[in-house]
Protein chains: 2
Amino acid sequence: MKEILVHMRPEVNACIYLKDPESSDLGRRIITGSIEMIDEIGFERFTFRKLAKAIRSTEASIYRYFESKHKLLLYITAWYWGWMEYRLVFSLANIDSPRKRLTQAIEVLTEQVTEDRSFRHINEAKLNHIVIAESSKAYLNKSVDQENQAGVFTGYKKLVERVSKIILEINPKYQYPHMLVSTVIEGAQYQRYFAEHLPKLTDVVKGKDVIPRFYQELVFRSIDT
Amino acid sequence: MKEILVHMRPEVNACIYLKDPESSDLGRRIITGSIEMIDEIGFERFTFRKLAKAIRSTEASIYRYFESKHKLLLYITAWYWGWMEYRLVFSLANIDSPRKRLTQAIEVLTEQVTEDRSFRHINEAKLNHIVIAESSKAYLNKSVDQENQAGVFTGYKKLVERVSKIILEINPKYQYPHMLVSTVIEGAQYQRYFAEHLPKLTDVVKGKDVIPRFYQELVFRSIDT
DNA sequence: CTGTATTGATAGTAATACTATTATATTAGT
DNA sequence: ACTAATATAATAGTATTACTATCAATACAG
């Protein structure tokens, strides 16, 4: 993947940032540093002041890139969903059978993300870890409608739409493709979080990743006539 | 239900509060007022100072009941899951067939909550609305392990366990009952949130509540052999 | 009517979430 | 090489948040 993606980057809606963090060294340090720090101390305790110290810059400089830490979270999650869409599209290339395409799509959406490093300054495994724990905070707040209207969540919606279409290819009469896909995506994240923190809410098997398996079965049984 | 529940109240783990809000008029005003206010302005913008003003008390007095607004959120969600368990248990009374029991359980877990008012000072419809939008913040943070160990999430886990058992009665070989139940509970909340704010992620039909229907089908297809 | 507990009133602190100003360093164009 | 534009650093400052502390007023229980 490295070779192919090296000149592509997930597109993030420009209204999220004041200045594109991909456009400068400081910008990239902000992204690298915030992923690192949010993973370590959590989004609530994360502040621009602490980040500034960690990346040897200043609060005021960070504010020139992002209006608030909420916008930074929006950026990180939008980047993640953009990246996921690339991964999905590439992993589906040359697969013709809709059923195989769906199997592969569910796999990509639910599997544990390991270090990828297609992008030098982004640790995808850590990014995945914070997306699991923090990404829902990006839309679970009162500014969601305004931000949705501005197109902030387009990447996520496109991903859901893409997989929904595969489902409809397999069963054009299935009535809830979007519900099913968003249930799988959100569900897989929660199950991973539960496995780590609230294991009574899940069924973990030591050494095995049952999450993709569970959702594969769930989806195919739901859509088969 | 009113007559039966009138002398029962959901039990909330005492370590969540400093002083039981059910034990005084001020305590109940804190709960009533916070449900109202969190629903209106969201958990992030909600502060004890604003709440104090709204219920004509003082910040310091509220702090005598709850250490922080996070603990108050824990209290509210724990109360909600305790209440849900009562609703579930009562609604399953006298139903013998495991399949019918499961159908009813899914219905209770996924349906829209309407005004109930078994408890004078709690508006259950509003409570449901804030649980949908805010409850995941109760465990999506770095204190989750500590709080889980203290038993804060017992009510939620008991509910999942209860429904998982019904699934195993129907199909003792089904491997993922807890994953399935937590997927349904979390999923139903998200779908309701999406229906209101991010409709592209769901399949809403005007005038119809498709969420229970979708999850009924999903569950029974998943567990049937 | 006295001790105890509850709430209210007020004040104060450290941290957070910003905004503003000015200085310095870098780079780009001519 | 000089100028202008731009980016960042350094510093300071404000309003709000998330508390803690103190003390007075009230209630109520024995």
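**A packed helix pair in chain B**

In chain B, helix α5 (residues 69-92) packs against helix α9 (residues 154-170) at an angle of about 30°, and their axes lie 8 Å apart. Helices here are DSSP runs of H or I with at least four residues, numbered from the N terminus, while the axes are lines fitted to C-alpha atoms over the stretch in contact, with angles running from 0 to 180 degrees between N-to-C directions. Because angles under 35 degrees count as roughly parallel, α5(B) and α9(B) are therefore roughly parallel to each other. Their crossing is left-handed, a term used if the near helix is turned anticlockwise from the far one by less than a right angle.

On the side of α5(B), the contact is made by B:Ala78, B:Trp81, B:Gly82, B:Met84, B:Glu85 and B:Leu88, and α9(B) contributes B:Gly155, B:Tyr156, B:Lys158, B:Leu159 and B:Arg162; two residues are in contact if their C-beta atoms, placed from the backbone, lie within 7 Å. By class, these residues divide into 6 nonpolar, 2 polar and 3 charged, where Ala, Val, Leu, Ile, Met, Phe, Trp, Tyr, Cys and Pro count as nonpolar, Asp, Glu, Lys and Arg as charged, and the others, Gly among them, as polar.

The model is predicted, so local features need pLDDT of at least 70 and side-chain atom pairs count only at pLDDT 80 or more, whereas totals for chains, interfaces and linings use all residues. Residues are numbered from 1 along each chain as its sequence is written, with chains lettered from A and ligands numbered from 1 in the order in which they are written.

Note on methods:
Helix = DSSP H or I, 4+ residues; strand = E, 2+ residues; numbered from the N terminus. Parallel < 35°, antiparallel > 145°, perpendicular 65-115°, else oblique.
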